[in-house]
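This briefing goes through one protein model by topic.

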Amino acid sequence: MAHHPHRPGHLTPGHGRMTITQLLAAPAFLGALRPGESTPCRTAPRLFDPEAGVLAREEAREMCGTCRLQEECRQWAIATGEPRGLWGGLTPDERRERGARLVRSSSRRCTACGQPGVCRGQQICGSCQAAAAEERRRAWLRVEHARPGGGSVRGYRLELLLGLETCEPCRAAWRARKRDRERLAGTREKTERQCDMRLRVDNTM
(Lines give C-alpha, C1' and ligand atoms only; values in the text may rest on other atoms or scores of the structure.)
Protein backbone atom coordinates (compact mmCIF):
# COMPACT_ATOMS: atom_id res chain seq x y z
CA MET A 1 0.00 0.00 0.00
CA ALA A 2 2.99 2.33 -0.40
CA HIS A 3 2.01 5.91 -1.29
CA HIS A 4 -1.66 4.93 -1.32
CA PRO A 5 -3.75 7.98 -0.33
CA HIS A 6 -5.93 5.97 2.08
CA ARG A 7 -3.29 3.89 3.87
CA PRO A 8 -4.22 4.00 7.59
CA GLY A 9 -0.67 4.66 8.75
CA HIS A 10 -0.52 7.91 6.78
CA LEU A 11 -3.93 9.21 7.82
CA THR A 12 -3.72 9.06 11.58
CA PRO A 13 -5.25 11.90 13.63
CA GLY A 14 -2.94 13.52 16.16
CA HIS A 15 0.25 13.56 14.09
CA GLY A 16 -0.19 16.94 12.44
CA ARG A 17 0.34 15.42 9.01
CA MET A 18 -3.20 15.52 7.63
CA THR A 19 -4.38 18.22 5.25
CA ILE A 20 -8.07 19.11 5.05
CA THR A 21 -8.31 17.13 1.82
CA GLN A 22 -6.72 14.09 3.44
CA LEU A 23 -8.96 14.38 6.49
CA LEU A 24 -12.08 14.37 4.33
CA ALA A 25 -10.75 11.40 2.33
CA ALA A 26 -9.67 9.36 5.36
CA PRO A 27 -11.59 6.17 6.18
CA ALA A 28 -14.15 6.87 8.89
CA PHE A 29 -12.82 4.13 11.17
CA LEU A 30 -9.62 6.14 11.76
CA GLY A 31 -11.71 8.57 13.76
CA ALA A 32 -11.71 6.02 16.60
CA LEU A 33 -8.01 6.64 17.21
CA ARG A 34 -7.14 8.63 20.31
CA PRO A 35 -5.11 11.87 19.98
CA GLY A 36 -1.49 10.91 19.37
CA GLU A 37 -2.35 7.27 18.71
CA SER A 38 -1.41 5.56 15.45
CA THR A 39 -2.05 2.21 13.84
CA PRO A 40 0.78 -0.39 13.87
CA CYS A 41 1.06 -0.18 10.07
CA ARG A 42 2.36 3.38 10.41
CA THR A 43 5.57 2.14 12.03
CA ALA A 44 6.52 -0.02 9.03
CA PRO A 45 4.54 1.15 5.97
CA ARG A 46 6.76 -0.67 3.47
CA LEU A 47 5.56 -4.04 4.79
CA PHE A 48 2.07 -3.21 3.52
CA ASP A 49 3.17 -2.43 -0.03
CA PRO A 50 1.57 -4.79 -2.60
CA GLU A 51 5.03 -5.50 -4.01
CA ALA A 52 6.70 -6.16 -0.64
CA GLY A 53 6.73 -9.97 -0.99
CA VAL A 54 5.50 -12.96 0.99
CA LEU A 55 7.72 -12.55 4.08
CA ALA A 56 6.82 -8.87 4.45
CA ARG A 57 3.14 -9.68 4.00
CA GLU A 58 3.21 -12.26 6.78
CA GLU A 59 4.95 -9.81 9.11
CA ALA A 60 2.33 -7.21 8.18
CA ARG A 61 -0.44 -9.71 9.00
CA GLU A 62 1.05 -10.18 12.47
CA MET A 63 1.05 -6.41 12.99
CA CYS A 64 -2.58 -6.24 11.83
CA GLY A 65 -3.43 -8.86 14.44
CA THR A 66 -2.32 -6.50 17.21
CA CYS A 67 -4.27 -3.47 15.90
CA ARG A 68 -7.45 -2.65 17.79
CA LEU A 69 -8.99 -1.34 14.57
CA GLN A 70 -8.28 -4.50 12.56
CA GLU A 71 -11.92 -5.49 12.09
CA GLU A 72 -13.03 -1.93 11.23
CA CYS A 73 -10.16 -1.61 8.75
CA ARG A 74 -11.04 -4.94 7.17
CA GLN A 75 -14.75 -4.16 6.89
CA TRP A 76 -14.02 -0.74 5.37
CA ALA A 77 -11.76 -2.26 2.72
CA ILE A 78 -14.34 -4.93 1.87
CA ALA A 79 -17.23 -2.46 1.74
CA THR A 80 -15.35 0.01 -0.48
CA GLY A 81 -13.75 -2.61 -2.72
CA GLU A 82 -10.24 -1.35 -1.89
CA PRO A 83 -8.12 -2.90 -4.70
CA ARG A 84 -4.61 -2.60 -3.26
CA GLY A 85 -2.50 -3.60 -0.30
CA LEU A 86 -3.10 -5.40 2.99
CA TRP A 87 -6.04 -4.08 5.02
CA GLY A 88 -7.12 -5.71 8.27
CA GLY A 89 -4.74 -8.59 7.54
CA LEU A 90 -6.42 -9.48 4.21
CA THR A 91 -5.10 -9.26 0.65
CA PRO A 92 -7.35 -7.96 -2.17
CA ASP A 93 -8.20 -11.53 -3.26
CA GLU A 94 -9.03 -12.52 0.32
CA ARG A 95 -11.22 -9.45 0.73
CA ARG A 96 -13.14 -10.21 -2.45
CA GLU A 97 -13.75 -13.78 -1.27
CA ARG A 98 -14.76 -12.56 2.18
CA GLY A 99 -17.20 -10.08 0.65
CA ALA A 100 -18.74 -12.80 -1.54
CA ARG A 101 -19.17 -15.05 1.51
CA LEU A 102 -20.90 -12.25 3.41
CA VAL A 103 -23.44 -11.93 0.61
CA ARG A 104 -24.10 -15.68 0.68
CA SER A 105 -24.35 -15.76 4.48
CA SER A 106 -27.45 -13.61 4.93
CA SER A 107 -29.68 -16.60 5.77
CA ARG A 108 -27.24 -18.53 7.98
CA ARG A 109 -27.59 -18.23 11.75
CA CYS A 110 -24.98 -18.28 14.49
CA THR A 111 -25.03 -21.40 16.65
CA ALA A 112 -23.90 -19.34 19.65
CA CYS A 113 -26.29 -16.37 19.61
CA GLY A 114 -28.81 -17.29 16.90
CA GLN A 115 -28.25 -14.12 14.84
CA PRO A 116 -28.11 -14.32 11.00
CA GLY A 117 -25.03 -13.53 8.96
CA VAL A 118 -22.80 -16.59 9.34
CA CYS A 119 -20.44 -17.38 6.47
CA ARG A 120 -20.58 -20.78 4.80
CA GLY A 121 -18.31 -23.28 6.53
CA GLN A 122 -18.56 -21.39 9.85
CA GLN A 123 -20.89 -21.79 12.78
CA ILE A 124 -20.64 -18.50 14.67
CA CYS A 125 -21.23 -14.88 13.64
CA GLY A 126 -18.76 -12.02 13.45
CA SER A 127 -19.66 -10.71 16.91
CA CYS A 128 -19.06 -14.09 18.53
CA GLN A 129 -15.85 -14.48 16.55
CA ALA A 130 -14.73 -11.06 17.82
CA ALA A 131 -15.45 -12.11 21.40
CA ALA A 132 -13.46 -15.31 20.88
CA ALA A 133 -10.63 -13.31 19.29
CA GLU A 134 -10.50 -11.00 22.31
CA GLU A 135 -10.24 -13.99 24.63
CA ARG A 136 -7.40 -15.39 22.52
CA ARG A 137 -5.60 -12.04 22.67
CA ARG A 138 -5.97 -11.95 26.44
CA ALA A 139 -4.47 -15.44 26.55
CA TRP A 140 -1.57 -14.30 24.34
CA LEU A 141 -1.06 -11.32 26.65
CA ARG A 142 -0.79 -13.62 29.66
CA VAL A 143 1.90 -15.55 27.80
CA GLU A 144 3.81 -12.33 26.99
CA HIS A 145 3.61 -11.22 30.64
CA ALA A 146 5.03 -14.58 31.70
CA ARG A 147 8.22 -13.99 29.68
CA PRO A 148 11.50 -13.11 31.42
CA GLY A 149 11.32 -9.42 32.20
CA GLY A 150 7.52 -9.48 32.37
CA GLY A 151 6.73 -7.95 29.00
CA SER A 152 7.42 -7.66 25.28
CA VAL A 153 6.68 -5.55 22.21
CA ARG A 154 3.87 -7.90 21.30
CA GLY A 155 2.49 -7.55 24.82
CA TYR A 156 2.54 -3.76 24.43
CA ARG A 157 0.56 -3.98 21.19
CA LEU A 158 -1.90 -6.44 22.71
CA GLU A 159 -2.50 -4.11 25.65
CA LEU A 160 -3.30 -1.27 23.26
CA LEU A 161 -5.51 -3.54 21.18
CA LEU A 162 -7.47 -4.62 24.24
CA GLY A 163 -7.81 -1.05 25.51
CA LEU A 164 -5.74 -1.79 28.61
CA GLU A 165 -3.26 0.46 30.35
CA THR A 166 0.20 -0.56 29.18
CA CYS A 167 2.51 -2.01 31.80
CA GLU A 168 6.05 -0.78 32.38
CA PRO A 169 7.83 -4.00 31.19
CA CYS A 170 5.95 -3.89 27.88
CA ARG A 171 6.57 -0.16 27.50
CA ALA A 172 10.27 -0.75 28.14
CA ALA A 173 10.35 -3.46 25.47
CA TRP A 174 8.60 -1.11 23.02
CA ARG A 175 11.05 1.72 23.76
CA ALA A 176 13.99 -0.65 23.25
CA ARG A 177 12.58 -1.78 19.88
CA LYS A 178 12.08 1.83 18.84
CA ARG A 179 15.66 2.71 19.78
CA ASP A 180 16.96 -0.27 17.81
CA ARG A 181 15.01 0.80 14.72
CA GLU A 182 16.22 4.38 15.03
CA ARG A 183 19.80 3.15 15.42
CA LEU A 184 19.45 0.91 12.38
CA ALA A 185 17.94 3.75 10.34
CA GLY A 186 20.84 5.99 11.36
CA THR A 187 23.36 3.33 10.36
CA ARG A 188 21.72 2.91 6.96
CA GLU A 189 21.68 6.65 6.40
CA LYS A 190 25.36 6.91 7.33
CA THR A 191 26.24 4.05 4.98
CA GLU A 192 24.30 5.68 2.15
CA ARG A 193 26.12 8.98 2.70
CA GLN A 194 29.48 7.20 2.63
CA CYS A 195 28.56 5.44 -0.61
CA ASP A 196 27.49 8.75 -2.16
CA MET A 197 30.77 10.36 -1.15
CA ARG A 198 32.77 7.50 -2.66
CA LEU A 199 30.80 7.75 -5.90
CA ARG A 200 31.45 11.48 -6.10
CA VAL A 201 35.16 10.92 -5.49
CA ASP A 202 35.28 8.20 -8.15
CA ASN A 203 33.47 10.43 -10.62
CA THR A 204 36.01 13.23 -10.16
CA MET A 205 39.01 10.97 -10.77
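**Salt bridges and overall picture**

Glutamate 37 and arginine 68 form a salt bridge through their side chains, with an N to O distance of 2.9 Å. This pair ties together distant parts of the chain, 31 residues apart: glutamate 37 sits in the loop between α1 (20-25) and α2 (54-65), and arginine 68 in the loop between α2 and α3 (70-80). The model is predicted. The protein has 7 helices and 0 strands, and buried residues make up 33% of its 205 residues.

**Fold**

- From the N terminus on, the order of elements is α-α-α-α-α-α-α.
- Among contacts in the protein with a separation of 6 or more, 38% are between residues 24 or more positions apart.

**Charge pairs**

- The whole structure contains 12 salt bridges.
- Side chains of opposite charge can pair when their charged atoms come close.
- Glutamate 37 also meets arginine 34 in a salt bridge, at 3.2 Å from N to O.
- Glutamate 37 counts as buried because its relative accessibility is 14%, under the 20% cut-off.
- Arginine 34, at 41% relative accessibility, counts as partly exposed.
- Arginine 68 is partly exposed too, since its relative accessible area is 24%.
- Through salt bridges that share partners, Arg34, Glu37 and Arg68 are joined into one network.
- Another salt bridge links the side chains of glutamate 135 and arginine 142, at 3.6 Å from N to O.
- Glutamate 135 has a relative accessible area of 45%, so it is partly exposed.

**Arginine 95, a buried charge**

- Arginine 95 belongs to helix α4, which spans residues 92-104.
- Which side chain of opposite charge is nearest to arginine 95? That side chain is glutamate 82, 5.2 Å away.
- Arginine 95 is buried and has no salt bridge; the criterion for a salt bridge is a nitrogen to oxygen distance within 4 Å.
- Leaving aside neighbours within four places in sequence, the contacts of arginine 95 are Ala77, Ile78, Glu82, Pro83, Arg84, Gly85, Leu86, Trp87 and Leu90.
- Glu82 is therefore in contact with arginine 95, where contact means heavy atoms within 4.5 Å, although the two side chains do not form a salt bridge.

**Second largest pocket**

- The volume of the second largest pocket is about 630 Å³.
- Its lining consists of 16 residues, and those nearest the centre of the pocket are Thr43, Ala44, Arg181, Ala185 and Arg188.
- Helix α7 (residues 168-204) supplies the largest share of this lining, with 10 residues.
- By type, the lining of the second largest pocket comprises 9 charged, 6 nonpolar and 1 polar residues.

**Helix α6**

- Is helix α6 (residues 153-161) mostly covered or mostly uncovered? Helix α6 is mostly covered, with 7 of its 9 residues buried.
- The buried residues of α6 are Val153, Gly155, Tyr156, Arg157, Leu158, Glu159 and Leu161.
- An α-helix has 3.6 residues a turn, so residues three or four places apart point the same way.
- After α6 comes glycine 163, which has a positive phi, near 75 degrees.

**Two alanines**

- Alanine 28 lies in the loop between α1 and α2.
- Alanine 28 is exposed because its relative accessible area is 71%, over the 50% cut-off.
- Between alanine 28 and glutamate 72, which are 44 residues apart along the chain, the C-alpha separation is 9.2 Å.
- Alanine 100 is part of helix α4, the helix that also holds arginine 95.
- Alanine 100 has 29% relative accessibility, so it counts as partly exposed.
- From C-alpha to C-alpha, alanine 100 and isoleucine 78 are 9.6 Å apart in space, while in sequence they are 22 residues apart.
- Ile78 is also among the contacts of arginine 95.

Definitions and conventions:
Residues are numbered from 1 along each chain as its sequence is written. This is a predicted model: local features need pLDDT of at least 70, side-chain atom pairs count only at pLDDT 80 or more; totals for chains, interfaces and linings use all residues. Side-chain values use heavy atoms; hydrogens and water are left out. Helices (H or I, at least four residues) and strands (E, at least two) are DSSP runs, numbered from the N terminus. Buried means under 20% relative accessible area, exposed over 50%, partly exposed in between (1.4 Å probe, protein chains only). Lys and Arg count as positive and Asp and Glu as negative; His and the chain ends are not counted. On a 1 Å grid over the protein atoms alone, a cavity is a set of points where a 1.4 Å probe fits but cannot get out, and a pocket is an open set with protein on both sides within 12 Å along at least five of seven lines; lining residues have an atom within 4 Å of a point. Grid points are joined across faces, edges and corners, and a volume is the space filled by probe spheres set on the points. Ala, Val, Leu, Ile, Met, Phe, Trp, Tyr, Cys and Pro count as nonpolar, Asp, Glu, Lys and Arg as charged, and the others, Gly among them, as polar.
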